[in-house]
Amino acid sequence: MVVTSTDELEAVTVSNYDRKSELKAFDDSKTGVQGLIENGVTKVQHMFYCEQSNLSDGLTSESNSKLSIPTIDLTGIHGDPILRDEVVGKIRYACEKWGIFQIINHGIPNHVLDDMIKGTCRFHQQDAKVRKEYYTRDLSRKVVYLSNFTLYQDQSADWRDTLACFWAPHPPKTEELPAVCSDILIEYSKEVMALGSALFELLSEALGLTPFHLKEMGCAEGVFHLCHYYPPCPEPELTIGTTKHSDAGFITILLQDQMGGLQVLHDNQWIDVPPLHGALVVNIGDLLQLVTNDKFFSVQHRVLAKHIGPRISVASIFRSHNHSPDITSKVIAPIKELLSEESPPIYRETSLSEYLAYRFANALGASTLLPFKL
């Protein structure tokens, strides 16, 4: 059945449909969406049905398809003060107007990027029996394989599987990592953390602060990788790869393959973020929007499901996880140096643990900053 309206979707959902049982059966399979593909599915299950308003609202039109996110060349940031100032200005503009930008000449070799994509692919395409060993919803583990973090809270499941590696400040032991991608995970983590450190300095300067301000606040202390795998979808018009959302961190550095599908919401229009080989996408997360008092904003983005695939991406999110109670208990609030009579605080003081508790109690896509506004 092809669902063409919300009414029809609701009718299908209500009529003889036990959603909880379908979710549990899917979760208990421990093989994710890829397991469905391996079993030869030709139809999208009801649990993946996404309201059409979520897919069609503000779709990219011919007029705005010419828009593109800023691309920033990082050449010279470490040795040329003039070039560095130019980059800082471009980053300030991108963070204030877009909440996202693409970087080139960032220092991570192309072969490392390519190997990270290949390593992610190897994990998700290996024998289901091996994948099952990592499947869990126990987020106290350092290495987690699952499909949809908030599967039981979301109105619809996303057409996506994820290998999550909670890396810093306390990385997994080598023996905890999947054998098919352990070496590249270690190498990529080293490279992306160094890049993140450099970006936080540039972001600090873009805010008019000293280069080390954000790092001294602990913004770069934690990082985890979400190695996403989006299998080809038999009915992409019925579901979505990743629901519209903003990221629950300070910044995200995203590596994507050449498949496409990522879109960002800009001026109430969905804008494609076409892949550029060798480039990385950087987007502002909720926590940086909070501490900058809305000077920089966290961008809404999504990933479309597609007939062709898989799409592979690696999102490195800079934020400590709940493995570090000493860090998650730290106070998070607007930076005092950015406040004045003309710019009073927009958000109350909170903690990372309080923010994360709210985030995980709600469906992906729910507003996560609103509860913390004064």
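A salt bridge is taken here as a side-chain nitrogen of Lys or Arg within 4 Å of a carboxyl oxygen of Asp or Glu. By this rule the count comes to 12 salt bridges. The model is predicted, so local features are reported at pLDDT of at least 70 and side-chain atom pairs at pLDDT 80 or more, whereas totals for chains, interfaces and linings use all residues. Residues are numbered from 1 along each chain as its sequence is written, and side-chain values use heavy atoms, with hydrogens and water left out.

Helices (H or I, at least four residues) and strands (E, at least two) are DSSP runs, numbered from the N terminus. Two strands are regarded as paired if DSSP finds at least two bridges between them. Eight strands form an open sheet in the order β1-β2-β10-β7-β12-β5-β4-β3, and the pairing is mixed. Its edge strands, β1 (71-73) and β3, each pair on one side only. The twist from one strand to the next averages 25°; axes are lines fitted to C-alpha atoms, for helices over the stretch in contact, and angles run from 0 to 180 degrees between N-to-C directions. Within this sheet, β4 (residues 161-168) and β5 (residues 223-230) are antiparallel and pair over seven bridges. F166 has F224 as its bridge partner in β5.

Another open sheet consists of four strands in the order β6-β11-β8-β9, with antiparallel pairing. Here β6 (242-245) and β9 (269-272) are the edge strands, each pairing on one side only. Neighbouring strands of this sheet are turned by 25° against each other on average, direction ignored. Strands β8 (residues 262-266) and β11 (residues 301-303) pair in the antiparallel sense over three bridges, and H301 in β11 is the bridge partner of V264.

Two packed helices are described by the angle between their axes and the distance between the axes. Helix α6 (residues 110-125) packs with α8 (residues 182-206) at an angle of about 135°, the axes being 10 Å apart. This arrangement makes α6 oblique to α8; angles under 35 degrees count as roughly parallel, over 145 as roughly antiparallel, 65 to 115 as roughly perpendicular and the rest as oblique. On the α6 side, H111, V112, L113, D115, M116 and G119 take part, and they meet I184, L185, E187, Y188 and E191 of α8. The residues of this contact comprise six nonpolar, two polar and three charged. In this classification Ala, Val, Leu, Ile, Met, Phe, Trp, Tyr, Cys and Pro count as nonpolar, Asp, Glu, Lys and Arg as charged, and the others, Gly among them, as polar.

Helix α5 (residues 81-97) also packs with α8, at an angle of about 75° and with the axes 9 Å apart. That makes α5 roughly perpendicular to α8. In this contact R84, V87, V88, I91, R92 and C95 of α5 meet E201, L202, L203, E205 and A206 of α8. By class, the contact of α5 with α8 has seven nonpolar, no polar and four charged residues.

Side chains of opposite charge can pair when their charged atoms come close. R137 is placed in the loop between α7 (128-132) and β3 (143-146), and D27 in helix α2 (residues 19-29), so the pair ties together parts that are 110 residues apart in sequence.

Most residues other than glycine have a negative phi, and most peptide bonds are trans. The peptide bond from A168 to P169 is cis, with omega near 10°, and P169 is in the loop between β4 and α8. A cis peptide bond also links G309 to P310, with omega near 10°; P310 is in the loop between β11 and β12. D267, in the loop between β8 and β9, has a positive phi, near 50°, and is a residue other than glycine.

Terms used:
Contact = heavy atoms within 4.5 Å.
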